[in-house]
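This briefing is for a reader who is new to the structure. Please look over the sequence and the model before reading on.

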Amino acid sequence: IDRGIPVFTFDADIPSSKRICYIGEDPFRTGQLAASLAVKSLEPGSKIAILTGSNYVTSCANRIKGFTSYLSKHAPTINIAAIEETLSQHVLTYQKTARILRMHPDIDGIWNCACHSEDMAQAVIDAGMKDEVKLFAFLFNSPSYITELVQDGTIDYAILLNPRKMGKLIISSMYEYWMSGIAPPGEMISVPIYIGC
């Protein structure tokens with residue numbers, strides 16, 4: 001940026017970077033939406049755990065902030081029992097879910113705000129707790145096995161992003177800026193999210 005190279009951020013924002021524009025979801029609002037859906041499935045006084053890719057990734061951290069702020073305002077009796085980092089890896093997602101189930105056998109729900117929700121679901125199935133633990137997922141696309149897990153009730157809902165649409169939007173925004181001098185309409189272009197239930 002100091003050399004005059006325009007920079008756009010995509011998917012995960014870096015607000016202090018002097019970037020031209022961020023293109024992606026509004027992760028704080030996504031977290032609030034996730035919490036509002038979870039509250040519909042959980043009883044007052046329930047315990048929920050959160051799986052995150054990393055506490056140091058802005059989008060993950062802001063999803064959790066949105067989630068916890070919604071709970072504190074609208075469902076203060078729902079307690080967050082654990083927050084586990086999976087580094088967005090298959091094996092760690094499975095292992096951290098299994099750890100949550102061991103450490104908190106009375107857990108009522110788990111929200112995965114990163115990827116690999118199929119591994120979260122498999123750990124719950126393998127523990128024989130499919131009917132006891134509500135699962136809430138976050139996906140970057142819609143693979144058929146996640147759709148099946150939502151349809152059969154293993155996962156209560158999934159919030160989906162459309163990375164293909166985001167990719168097209170970042171390319172067209174950069175092209176318009178560089179080739180035609182047309183600036184984005186604001187510092188953030190929020191892309192739609194979808195709910196699968």
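Are Phe67 and Trp111 buried or exposed? Both Phe67 and Trp111 are buried. The model is a predicted one.

**Aromatic pairs**

- Across the whole structure, a search finds 4 aromatic pairs.
- One of these aromatic pairs is formed by Phe8 and Trp178, with 6.5 Å from centre to centre and 75° between the planes, an edge-to-face arrangement.
- Phe8 belongs to strand β1 (residues 8-10) and Trp178 to helix α6 (residues 163-180), so this pair ties together parts that are 170 residues apart in sequence.
- Phe8 has a relative accessible area of 11% and is buried, whereas Trp178, with a relative accessible area of 46%, is partly exposed.
- The ring centres of Phe67 and Trp111 are 4.4 Å apart and the ring planes are at 10°, so this pair is stacked.
- Phe67 is in helix α2 (residues 58-74) and Trp111 is in strand β5, so the pair links parts 44 residues apart in sequence.
- One aromatic cluster consists of Phe8, Tyr177 and Trp178.

**Helices α1 and α2**

- Two packed helices are described by the angle between their axes and the distance between the axes.
- For helix α1 (residues 27-41) and α2, the axes come within 6 Å and cross at roughly 45°.
- That angle makes α1 oblique to α2.
- The crossing in which α1 passes α2 is right-handed.
- On the α1 side, the contact is made by Pro27, Phe28, Thr30, Gly31, Gln32, Ala34, Ala35, Ser36, Ala38 and Val39.
- On the α2 side, the residues in this contact are Ser59, Asn62, Arg63, Lys65, Gly66, Phe67, Ser69, Tyr70 and Leu71.

**Helix α3 and its packing**

- Helix α3 (residues 90-103) has 14 residues, and from its first C-alpha to its last it reaches 20 Å, close to the 20 Å expected at 1.5 Å a residue.
- Which residues of α3 are buried? They are Leu92, Thr93, Thr97, Ile100 and Leu101.
- An α-helix has 3.6 residues a turn, so residues three or four places apart point the same way.
- The elements against which the buried residues of α3 pack are β3 (47-52), β4 (79-85), β5 (109-112) and α4 (117-126).
- The axes of α3 and α4 are 8 Å apart, and the two helices pack at an angle of about 40°.
- The two helices α3 and α4 are therefore oblique to each other.
- In passing α4, α3 makes a right-handed crossing.
- From α3, the contact with α4 involves His90, Thr93, Tyr94, Thr97, Ala98 and Leu101.
- From α4, the residues involved are Glu118, Asp119, Met120, Gln122, Ala123, Val124 and Asp126.
- Thr93, Thr97 and Leu101 are among the buried residues of α3, and they are also among its residues in contact with α4.

- Most residues other than glycine have a negative phi.
- Leu87, although not a glycine, has a positive phi of about 55°.
- Leu87 is placed in the loop between β4 and α3.
- Ser88 lies in the loop between β4 and α3, and it too has a positive phi, of about 55°, without being a glycine.
- With a relative accessible area of 31%, Ser88 is partly exposed.
- Not counting residues up to four places away in sequence, Ser88 touches Gly53, Ala114, Cys115 and His116.
- From C-alpha to C-alpha, Ser88 and Phe136 are 16 Å apart in space, and they are 48 residues apart in sequence.

**The loop between α3 and β5**

- His104 is located in the loop between α3 and β5.
- The relative accessibility of His104 is 18%, and the residue counts as buried.
- Which residues does His104 contact, leaving aside its neighbours within four places in sequence? His104 is in contact with Lys47, Ala81 and Ala82.
- His104 and Met120 are separated by 16 residues in sequence and by 15 Å in space, C-alpha to C-alpha.

How values were computed:
Residues are numbered from 1 along each chain as its sequence is written. This is a predicted model: local features need pLDDT of at least 70, side-chain atom pairs count only at pLDDT 80 or more; totals for chains, interfaces and linings use all residues. Side-chain values use heavy atoms; hydrogens and water are left out. Helices (H or I, at least four residues) and strands (E, at least two) are DSSP runs, numbered from the N terminus. The expected span of a helix is 1.5 Å times one less than its number of residues. Buried means under 20% relative accessible area, exposed over 50%, partly exposed in between (1.4 Å probe, protein chains only). Contact means heavy atoms within 4.5 Å. Rings of Phe, Tyr and Trp (its six-membered ring) pair if their centres lie within 6.5 Å; planes under 30 degrees apart count as stacked, over 60 as edge-to-face and the rest as tilted. Axes are lines fitted to C-alpha atoms, for helices over the stretch in contact, and angles run from 0 to 180 degrees between N-to-C directions. Angles under 35 degrees count as roughly parallel, over 145 as roughly antiparallel, 65 to 115 as roughly perpendicular and the rest as oblique. A crossing is left-handed if the near helix is turned anticlockwise from the far one by less than a right angle, and right-handed if clockwise.
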